[in-house]
Amino acid sequence: KVFVTDGTHELTYAEIYNRSQQLALGLRRRGLTAGDRVAVQLPNWAAFVVIAAALTRIGAVMVPIMPIYRRDEVTHVVDDAAIRMAIAPVEFKGFDYLEMFEGIRRESSTLSEIVAVRAGADDREALADRDIDVLEDLILGDITADEVDAELDFRAHPDDPYVIVYTSGTTSRPKGRVHTFNT
């Protein structure tokens, strides 16, 4: 049965499970480990569910960022949360998220990797030249759940950090709040 749809893509329960497991292994093989913080700045796309489940599987801490935030707000979150990886669309509503994250990466002491979501076939070579990974390339489609389990040994504890959510920052800079699986 379909679990999520965004008007362009829909994913079944089984597809979310399989893709999130395969992405978790792809991210681990890229060096992401438990406790690493990952900014996810996406609109309401089905890929968000896969990414959230994959990050949970390896114990990385998701830091969702609203798509309307731009460089000033995103830089604050990246610096404050010590973001290692950013996952964002190539572009959405005419805004180039990857260019923004490249600029932030040049000035950041922690942001080292950028992953593009919904990159077209024509974008891949140019993105590789810019040292930007493509989400779909990190989903290891030929890997089985048993192979994932054999390689990924992380099991979350209820008190482990799961997500850092930032306030809107209407009266001052946004503040991040860590939530565990228990909360």
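The largest pocket holds about 220 Å³ of space. This is a predicted model, where local features need pLDDT of at least 70, side-chain atom pairs count only at pLDDT 80 or more, and totals for chains, interfaces and linings use all residues. Residues are numbered from 1 along each chain as its sequence is written, and side-chain values use heavy atoms, with hydrogens and water left out.

**The pockets**

- A pocket here is an open set of points on a 1 Å grid over the protein atoms alone, where a 1.4 Å probe fits, with protein on both sides within 12 Å along at least five of seven lines; lining residues have an atom within 4 Å of a point.
- A volume is the space filled by probe spheres set on the points, which are joined across faces, edges and corners.
- Around the largest pocket you'll find Asp6, His9, Glu10, Leu11, Arg19, Ala46, Ala47, Val50, Arg118, Leu135, Glu136 and Ile139.
- That lining splits into six nonpolar, one polar and five charged residues (Ala, Val, Leu, Ile, Met, Phe, Trp, Tyr, Cys and Pro are nonpolar; Asp, Glu, Lys and Arg are charged; the others, Gly among them, are polar).
- β2 (10–12), α2 (47–58) and α6 (135–138) each give at least two residues to the lining of the largest pocket (helices are DSSP runs of H or I with at least four residues, strands are runs of E with at least two, numbered from the N terminus).
- The second largest pocket comes in at about 190 Å³, and its lining has 13 nonpolar, three polar and no charged residues.
- Of the 16 residues lining the second largest pocket, Val40, Pro64, Ile65, Met66 and Pro67 lie nearest its centre.

- Buried residues of α1 include Ile16, Leu23 and Leu27 (buried is under 20% relative accessible area, exposed over 50%, partly exposed in between, with a 1.4 Å probe and protein chains only).
- α2 has 12 residues and reaches 17 Å from its first C-alpha to its last, close to the expected 16 Å.
- Ala47 and Val50 are among the buried residues of α2, and both also line the largest pocket.

**Positive phi angles**

- Most residues other than glycine have a negative phi.
- Arg118 has a positive phi near 60° and sits in the loop between β6 (113–117) and α5 (124–129).
- Arg118 counts as partly exposed because its relative accessibility is 29%.
- Asp131, also not a glycine, has a positive phi of about 60° in the loop between α5 and β7 (133–134).

Methods
The expected span of a helix is 1.5 Å times one less than its number of residues.
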